Amino acid sequence: MYKNVLQAIDGIEIYPLISFSIFFVFFLGLIVYVALMDKKYAHTMSAIACDEETEDTTFDSVRQ
């Protein structure tokens with residue numbers, strides 16, 4: 001039933017191509033961004049979770 005409804009719409013075959021293109025361009029851009037990212041910045045950001053000197057930004061510390 002649904003197959004017949006979708007076949008009746010003119011130009012429906014372009015929507016899967018558009019969605020795949022958006023998906024592909026997004027992840028390609030993300031890979032390029034990560035590959036070109038400054039390695040020192042990435043290392044600094046990865047060390048934040050293990051750093052004990054940073055402020056506690058949880059909701060409980062804000063409430064007090």
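The legends below accompany an overall view and several close-up views of a predicted model.

Overall view. The model is a prediction in which the protein has 4 helices and 0 strands, and from the N terminus on its elements follow the order α-α-α-α. Buried residues account for 0% of the 64 residues in the protein. The accessible surface of the protein amounts to about 6500 Å², and carbon and sulfur atoms contribute 67% of that surface.

Close-up 1. A search of the whole structure identifies 3 aromatic pairs. In the pair shown here, the ring centres of Phe-20 and Phe-24 are 6.1 Å apart and their planes meet at 25°, so the pair counts as stacked, given that planes under 30 degrees apart are assigned to that class. Both Phe-20 and Phe-24 belong to helix H2 (residues 14-36), where they are 4 residues apart, about one turn of the helix. Phe-20 is exposed, its relative accessible area being 52%, whereas Phe-24, at 47%, is partly exposed, because the exposed class requires a relative accessible area over 50%.

**Close-up 2. The ring pair of Phe-26 and Phe-27.** The ring centres of Phe-26 and Phe-27 lie 5.0 Å apart, and with their planes at 85° the pair is edge-to-face, the class to which planes over 60 degrees apart are assigned. Phe-27 is partly exposed, with a relative accessible area of 38%.

**Close-up 3. Confidence in helices H2 and H4.** Across the protein the pLDDT averages 83, and 80% of the residues score at least 70. Confidence is highest in helix H2, at a mean of 96, and lowest in helix H4 (residues 59-63), at a mean of 55. The stacked pair of Phe-20 and Phe-24 lies in helix H2, the element with the highest confidence.

Technical notes: Residues are numbered from 1 along each chain as its sequence is written. This is a predicted model: local features need pLDDT of at least 70, side-chain atom pairs count only at pLDDT 80 or more; totals for chains, interfaces and linings use all residues. Side-chain values use heavy atoms; hydrogens and water are left out. Helices (H or I, at least four residues) and strands (E, at least two) are DSSP runs, numbered from the N terminus. Buried means under 20% relative accessible area, exposed over 50%, partly exposed in between (1.4 Å probe, protein chains only). Accessible areas come from the Shrake-Rupley method with a 1.4 Å probe; for residues, only the protein chains shown count as cover. Rings of Phe, Tyr and Trp (its six-membered ring) pair if their centres lie within 6.5 Å; planes under 30 degrees apart count as stacked, over 60 as edge-to-face and the rest as tilted. pLDDT is the predictor's confidence in each residue, from 0 to 100.
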